[in-house]
Amino acid sequence: MRRSVPVVLAATLVALLACGRKDNPNPDPGVNPDANPGAANQGSATRRDSALTLGPGDVKITNEDSSVDMAVVGQKIVVRLSDKTMDKVRRETDTSTVKDSGFGGSIERFVKKTVQSTLGQQFEYPMSDVRDARYENGAIVLDVNGREPRLLANTKVGGKKLLESFRPDDARRFVAAVNAKKAK
């Protein structure tokens, strides 16, 4: 069975978002009782801003296959599935198409609703946590509190790491916007 790229990407993001904060028993996501500087403030999942309104100096880029958006909005970096991908995944996870009314159908509806709920999120990194941003060897390089952000480092799109999947000119614009916002 051949799975589509958006569904596989969505499943990866679901897994990363579900596992991303388990190492922090404190309910405040900005606090890590272990005082591990690499783990604290490695970004957070928030409700997806469908409008994603850009202001002065803000930039939004979409990767080469149009599946993921990255943006500099105000004083944060936002990473999320693109509107195109969201529409496709919503169609593929539509629970009204489930024909089975038994136990198998219940499981299918549960899984599809869980995927839809998780896709309603985006990942954000505060600009204050970004130590360095550059475009190097065909990839965006971000240092967030001394480490490459886990979500961005572990996600692949079309056989490439996510941060390698943006057009060079777009990647350079994104890095310039990050560095301009950091300087403020």
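## Salt bridges

A salt bridge is taken here as a side-chain nitrogen of Lys or Arg within 4 Å of a carboxyl oxygen of Asp or Glu. The structure is a predicted model, in which local features need pLDDT of at least 70 and side-chain atom pairs count only at pLDDT 80 or more, while totals for chains, interfaces and linings use all residues. Residues are numbered from 1 along each chain as its sequence is written, and side-chain values use heavy atoms, with hydrogens and water left out.

The salt-bridge rule gives a count of 11. In one of these pairs, E124 and K76 meet through their side chains at 3.5 Å, N to O. This pair links distant parts of the chain, with E124 in strand β5 and K76 in strand β4, 48 residues apart. Strands (E, at least two residues) and helices (H or I, at least four) are DSSP runs numbered from the N terminus. E124 is buried, at 13% relative accessibility, whereas K76 is partly exposed at 29%; buried means under 20% relative accessible area, exposed over 50%, and partly exposed in between (1.4 Å probe, protein chains only).

## Other charged pairs

D132 and R134 form a salt bridge at 2.3 Å, N to O. Both ends are partly exposed: D132 has 28% relative accessibility and R134 has 32%. In the bridge between R167 and D170, the closest N and O atoms are 3.9 Å apart. Here R167 is partly exposed at 37%, but D170 is buried at 17%.

Salt bridges also link K60, D69, R80 and D83 in a network.

## Nonpolar core

A nonpolar core is a set of buried Ala, Val, Leu, Ile, Met, Phe, Trp, Tyr and Cys residues joined through side-chain atoms within 4.5 Å. The largest has 28 residues, of which M70, I77, V79 and I140 touch the most other members. Elements giving two or more residues to this core include strands β2 (59-62), β3 (68-73) and β4 (76-81), and helix α4 (150-154). Helix α5 gives the most, with five residues.

Contacts of M70 (heavy atoms within 4.5 Å) include V59, I61, V79, I140, L152 and F174, leaving aside residues up to four places away in sequence.

## Surface patch

F103, I107, F110 and V111 form a nonpolar surface patch with about 460 Å² of accessible area together. Patch residues have over 30% relative accessible area and no salt bridge; like charges are joined within 9 Å, and nonpolar side chains (Val, Leu, Ile, Met, Phe, Trp, Tyr) within 5 Å. Areas come from the Shrake-Rupley method with a 1.4 Å probe, and for residues only the protein chains shown count as cover. F103 lies in helix α3 (residues 103-119) and is exposed, with a relative accessible area of 67%.
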